[in-house]
Structures are given as C-alpha cells and as structure tokens.
Amino acid sequence: MENENIEDESTRVWEDILSNLFVLPFGDTAAIVEQEQQIYKLLAAQPGRIEGMITLMFEQIMVGSNSKARSLAYQIWDTGGVLSPFFELVYIENLLSLGLIDMATILLKPKFESLRENLEDFYCVMLKFAVMTGNIPLLERLGEYEQDRDDELLFDFAAVYAAENLTEPFKNLQRLIWEQTSKYLCAYEYSLYDDKGYPELEVEIYVNFDRQYIEKMQTNLEAKIDAYWASSGHQRLDNFVVRVDNIKNHPAWLEED
C-alpha cells in the first residue's frame with residue numbers, strides 16, 4: 001500500500017478512536033463496545049473508508065473476533081489505496097496479531113530495503129516481525145539502529161542465539177509456534193526479562209478460548225517445543241518460553257498518560 005501524508009478531519013476522527021482503544025485493557029469489554037458503536041456509526045456514513053476498516057479490525061482483535069478481523073484483513077487488502085504511515089502501521093500490527101505473516105511480509109519488504117528511512121514510522125512492527133519469524137540476522141540489523149533502550153535485552157537475546165549457533169533453531173521454533181497457533185491467533189506479544197542475569201524471551205500467544213482449551217494448547221506447544229529440541233541436535237537454552245492466554249487478559253496497548 002502506498003503512503004501519503006493524509007491529514008483531514010475525517011482521518012483524525014479515526015485516529016482519535018484508535019487512541020481511545022489503545023489505552024483500554026482488552027478485558028474492558030463495555031468500553032470497547034462503546035467505541036465499536038461509534039465505529040459502525042461512522043462507517044455507515046463513510047462506507048468502505050479504509051481507515052475505518054483498519055480501526056474496526058483492531059477493535060475486533062481486542063474482543064477476540066478472529067474470524068471477523070481476518071475477513072476485514074482481506075477486505076482491506078483487496079480495497080487497497082493510499083494510507084498514512086500511521087494507519088499502515090496499525091494495519092501491519094493487525095496482520096501480525098492474526099498471524100497473517102505473508103501479507104505483513106509484502107508490506108514490510110520495501111521498508112526493510114530502505115531501513116533507515118522507515119525506522120521512525122515502522123520500527124515497532126519491524127521488531128515484532130523479526131521476533132515472530134525468528135529472524136536473528138534481522139534483529140541484529142535492527143540493533144544497529146536501536147531506537148529505544150528498552151529493546152537492549154532483545155538484541156542481547158539475539159546475540160546469545162547467534163553466538164551459540166542457534167539462529168536456525170530459533171527460526172524453526174517460531175515457525176512451529178506459528179503453525180500451531182496462527183489459525184486461532186488474536187494477538188502475539190513478547191516480553192524480555194533478565195532476572196537470572198541473562199536475557200530471557202517470553203512469547204505471549206493470545207486466543208479466545210476458555211481456560212481448559214488454553215491449558216491444552218499450552219501443554220501441546222510445550223510438548224512440541226521439547227520434541228523439537230530433542231531432535232535438533234542442539235544444546236537447549238533455558239531462556240525462551242511460550243505462554244498461551246485469553247485475549248481478555250491482554251493489557252492496554254499503550255499506557256494512559
């Protein structure tokens with residue numbers, strides 16, 4: 001999708017709704033549905049407005065409507081059009097949340113080819129894409145342009161795997177996680193810790209299932225990860241874990257000022 005500095009009153013309305021959604025915990029259903037009603041009201045007056053569809057897609061992810069959000073992803077893709085960097089960022093984030101990596105790859109590829117010029121607008125989704133695809137070389141490349149000191153642990157984590165010749169296993173593990181969860185994925189996040197004196201990565205998979213099924217998914221994922229390491233011929237490191245959780249437990253995307 002093409003970028004353009006689009007700034008008009010109707011675009012700002014969609015930006016304001018997204019700003020409202022960004023500071024809501026995903027479990028705050030009443031407040032989210034209130035924003036949803038506003039979205040549908042505006043879309044009724046602006047049918048097919050791509051910024052509106054991207055906003056609705058984000059809101060549907062928040063309430064765990066994987067199928068509706070995926071349908072919107074393809075509808076937006078087919079509609080195309082010119083987007084501001086902000087709305088393309090949100091769209092790419094939405095695609096990653098749903099595990100639609102192939103579509104996100106197409107949008108991100110030209111940005112990686114002009115990395116320095118696109119860092120300011122797309123750095124956060126570049127990082128998430130690199131983690132989701134297990135791309136250690138890309139993380140190392142992004143580390144050369146580190147934008148936030150909070151990301152130091154992530155780049156330290158990548159350096160450990162590169163130094164231990166575990167670049168390919170990390171990529172395979174991320175692919176395994178995607179293969180097992182992408183059909184149900186509502187959001188993909190990650191956290192870094194250094195409580196043990198070295199960088200640890202926790203991947204957080206959010207789905208819209210009850211506790212019993214989530215526990216089943218967790219057990220299945222851990223078993224497959226164990227089996228991968230056992231058959232890989234590589235020394236397993238204890239600094240990478242996966243956690244499956246309900247989408248309602250997803251924290252707000254941004255902290256409210």
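Trainee: In which helix is Phe122 found?

Mentor: Phe122 is found in helix H7, where helices (H or I, at least four residues) and strands (E, at least two) are DSSP runs, numbered from the N terminus. This is a predicted model, in which local features need pLDDT of at least 70 and side-chain atom pairs count only at pLDDT 80 or more, whereas totals for chains, interfaces and linings use all residues. Residues are numbered from 1 along each chain as its sequence is written, and side-chain values use heavy atoms, with hydrogens and water left out.

Trainee: Why is Phe122 called buried?

Mentor: Its relative accessible area is 1%, and buried means under 20% (exposed is over 50%, partly exposed in between; 1.4 Å probe, protein chains only). Phe122 is therefore buried. Ile205, whose place is in strand S4, is buried as well, with a relative accessible area of 1%.

Trainee: What lies over the face of Phe122?

Mentor: Lys111 does, at 4.7 Å from the ring centre. A charge sits over a ring if NZ of Lys or CZ of Arg is within 6 Å of the ring centre and within 35 degrees of the ring normal. Lys111 is also one of the buried residues of H6, which include Met103, Leu107 and Phe112.

Trainee: How do you know that the length of helix H6 agrees with its number of residues?

Mentor: The expected span is 1.5 Å times one less than the number of residues. The 13 residues of helix H6 (residues 101–113) should therefore span 18 Å, and the end C-alpha atoms are 18 Å apart, which agrees.

Trainee: Why is the pair of Phe26 and Phe58 called edge-to-face?

Mentor: Rings of Phe, Tyr and Trp (its six-membered ring) pair if their centres lie within 6.5 Å; planes under 30 degrees apart count as stacked, over 60 as edge-to-face and the rest as tilted. By this rule there are 14 aromatic pairs. The ring centres of Phe26 and Phe58 are 6.4 Å apart and their planes stand at 80 degrees, so this pair is edge-to-face.

Trainee: What makes this pair a tie between parts of the chain?

Mentor: Phe26 lies in the loop between helix H1 (9–22) and helix H2 (29–45), and Phe58 in helix H3 (residues 50–62), so the pair ties together parts 32 residues apart in sequence. Phe26 is buried, at 3%, and Phe58 is buried, also at 3%.

Trainee: Which residues line the largest cavity?

Mentor: Among them are Phe26, Phe58, Glu189, His250 and Trp253. On a 1 Å grid over the protein atoms alone, a cavity is a set of points where a 1.4 Å probe fits but cannot get out, while a pocket is an open set with protein on both sides within 12 Å along at least five of seven lines; lining residues have an atom within 4 Å of a point. H5 gives the most to this lining, with 3 residues.

Trainee: Which residues lie nearest the centre of the largest pocket?

Mentor: They are Cys124, Glu189, Tyr190, Trp253 and Leu254, out of 19 lining residues. The largest share of that lining, 3 residues, comes from S3.
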